[in-house]
Each structure stands twice: as structure tokens, then as C-alpha cells.
Amino acid sequence: MSADNWAICPQCNPARKRAEELANLESLYGKISLYDFKDRMAEFQLKSSADSIGLGDNTLREDYEIGVNDTGEFEIVYSCRCNTCGFVFTFKHKQQLTKPNDTSTQKRDEEAPKASKRNSRR
Ligand SMILES: [Zn+2]
């Protein structure tokens, strides 16, 4: 792989989880004792600041490669994996490109689908 990047995981998204946790915590206001509420809020804030010291929210490692090789084949390879939840995604695509100077090949490719479309209508 020629390139890599760290991104936010679409599955576990730590920032969204923290926002949900905070909303849940705030909904407890007035329902539990003020002492318990302050205690839980302090615990949440401590945990949130500890999270930001580590990898932060970018837990998704991305590796990708894109290009054309010397035989005219275009290839894209992408994979990502989350360090927190294990979310994995991979994508691969290969396609032979038509040579720019070879017009006979391009014409043949363009004519072929049209002919088959006409045939299917009849
Ligand atoms: Zn994740």
C-alpha cells in the first residue's frame, strides 16, 4: 500500500458516542441527587479528556493505492480497519484502459454495445 491515513470510524465514531453519553447524563439532572449527578459528570469529563490524549477520534486506519500500471491497467485498492470496534471495509477495482492512439479498438468498443441494444429492442 502506498498511502495511509487515520480517519473517524463511521461505526463507532467516538465523538458521537461521547455526545450521546453526555445527553444521557444530562437527562438525569433532577432525577438523581445533585451529589451523584456532579460525581457522574466529573467521571465523564475525566474519561473524555483521557480519550483525547490517545489516538483521539481518528481510530480508522485507511490504506489505499490508485494508479495505472505499464500495461494500461487502472487499479484502485482501498481498505480500512477501526482500532476500537474492528470495523473493516475493503474495495478493489481493476480495469483495462483503452490505448489513446489505438482508435480501432475504441471504435469497436463503442459500436458493440449499440448493436446489441438495437438487437434487444426487436
Ligand atoms: Zn470503530
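Over which residues does pLDDT stay under 50? In this predicted model, that stretch is residues 110–122, and zero contacts beyond four places in sequence are found for it. Helix α3, spanning residues 103–121, has the lowest mean pLDDT among the elements of the protein chain, at 47. Strand β4 has the highest, at 96. For the protein chain, the mean pLDDT is 80, with 72% of the residues at 70 or more.

The protein chain contains three helices and four strands. Read from the N terminus, the order of these elements is β-α-α-β-β-β-α. Of the contacts in the protein chain with a separation of 6 or more, 54% are between residues 24 or more positions apart. Buried residues make up 5% of the 122 residues of the protein chain.

Strands β2 (residues 60–68) and β3 (residues 73–82) run antiparallel and are joined by nine bridges.

Strand β4 covers residues 88–96 and includes V88. V88 counts as exposed because 11 C-beta neighbours lie inside 10 Å, and the cut-off for an exposed residue is 12 or fewer. The C-alpha atoms of V88 and Q11 are 9.8 Å apart in space, while the two residues are 77 residues apart in sequence.

Methods. Residues are numbered from 1 along each chain as its sequence is written. This is a predicted model: local features need pLDDT of at least 70, side-chain atom pairs count only at pLDDT 80 or more; totals for chains, interfaces and linings use all residues. Helices (H or I, at least four residues) and strands (E, at least two) are DSSP runs, numbered from the N terminus. A residue is buried if 20 or more other C-beta atoms lie within 10 Å of its own, exposed if 12 or fewer, and partly exposed in between; C-beta atoms are placed from the backbone. pLDDT is the predictor's confidence in each residue, from 0 to 100. Two residues are in contact if their C-beta atoms, placed from the backbone, lie within 7 Å. Two strands pair if DSSP finds at least two bridges between them.
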